[in-house]
Amino acid sequence: MASNPTENERDAKRGALIVVEGLDRAGKSTQCARLVQTLQERGHTAKYIRFPDRTTTIGKMINEYLAGNAQIDDHSIHLLFSANRWEAAAKIEEDIANGINVIVDRYCYSGAVYSAAKDNPNLSLRWAWQPEIGLPRPDIWLFLNISPEEAAKRGGYGTERYENDKHQSRVRQLFLDLIKLGTDDDVCLVDAGQPLDKVSEDLTEHVLKCVDNIESHGPLRKFGPLP
Ligand code: FDM
Ligand code: MG
């Protein structure tokens with residue numbers, strides 16, 4: 001078989017589901033925008049989505065909660081964040097089937113760790129993971145790893161819920177716990193404390209490898225229970 005696929009062969013490939021995760025101010029949005037551009041420059045179709053998607057009815061409730069305008073029980077808001085992904089799942093699957101590479105800014109991993117980081121003994125990481133089971137599983141997830149101290153140097157926190165040192169430190173630890181549990185063998189830790197261009201370079205290398213070899217991944221998978 002030829003090593004260089006023709007345009008038609010390339011179009012027939014499914015897209016890759018690529019997730020970028022990390023603490024607030026780790027640089028996710030900037031890096032996602034760069035990834036989309038890099039993929040497009042190389043002739044791939046790429047699209048950016050983010051969670052929470054604050055534009056839907058559920059997303060608007062989440063937005064009110066994050067802004068501090070609404071009080072919602074911990075378990076209920078957790079399920080709303082998950083529902084916000086479920087309402088997007090069919091479209092993600094359709095885009096992937098149509099050859100679009102979908103870059104996702106925050107996903108189930110944020111969903112589990114931001115809730116589990118709360119002072120609520122009844123909301124464990126394991127409980128938090130349950131509603132994610134069955135959602136499209138990424139072909140690769142990139143964790144932009146940065147210490148809360150390094151992130152703090154990038155300017156003050158915003159005023160939304162969770163934007164404080166205590167929550168961020170717990171979130172970081174839980175991200176690392178989740179990675180150790182091995183929810184996915186396709187996680188890449190990227191040192192987000194490096195200069196922007198170096199972070200982009202590292203991310204691009206991982207993502208291009210994934211996109212160029214997507215056939216070897218087989219069909220898009222779904223999340224199972226935590227190991
Ligand atoms: N967040 C995000 C959650 O608590 N659960 C989730 O499922 C997701 C996707 O929402 F503090 C938190 C993480 C963050 C806040 O995210 C809003 P952005 O990326 O800052 O908009
Ligand atoms: Mg934020």
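The structure is a predicted model, and the values given here are computed from it.

**Backbone geometry in the loops**

- The peptide bond that joins F51 to P52 is cis, its omega lying near 0°, and P52 itself sits in the loop that runs between strand 2 (46–50) and helix 3 (57–67).
- R25, which belongs to the loop between strand 1 (17–22) and helix 2 (28–41), has a phi near 70°, a positive value in a residue other than glycine.
- With a relative accessible area of 21%, R25 is partly exposed, because buried means under 20%.
- Y162 also has a positive phi, near 80°, and is a residue other than glycine; its place is the loop between helix 7 (148–152) and helix 8 (165–181).
- Y162 counts as buried, because its relative accessibility is 9% and the cut-off for buried is under 20%.

**Helix 4 and its ends**

- Helix 4 covers residues 74–97, and its 24 residues should span 34 Å at 1.5 Å a residue, which agrees with the 35 Å that separates its end C-alpha atoms.
- A kink of about 40° is present in helix 4, and the kink is centred on A88.
- At the start of helix 4, the backbone nitrogen of H75 has a side-chain oxygen of D73 within 3.1 Å.
- After helix 4 comes G99, a residue whose phi is positive, near 85°.

Definitions and conventions: Residues are numbered from 1 along each chain as its sequence is written. Chains are lettered from A and ligands numbered from 1 in the order in which they are written. Side-chain values use heavy atoms; hydrogens and water are left out. Helices (H or I, at least four residues) and strands (E, at least two) are DSSP runs, numbered from the N terminus. Buried means under 20% relative accessible area, exposed over 50%, partly exposed in between (1.4 Å probe, protein chains only). The expected span of a helix is 1.5 Å times one less than its number of residues. The bend at a residue is the angle between axes fitted to the seven residues ending there and the seven starting there. A polar contact is a pair of N or O atoms within 3.5 Å; within protein, one must be able to donate a hydrogen and the other to accept it, and residues adjacent in sequence count only if both atoms are side-chain atoms.
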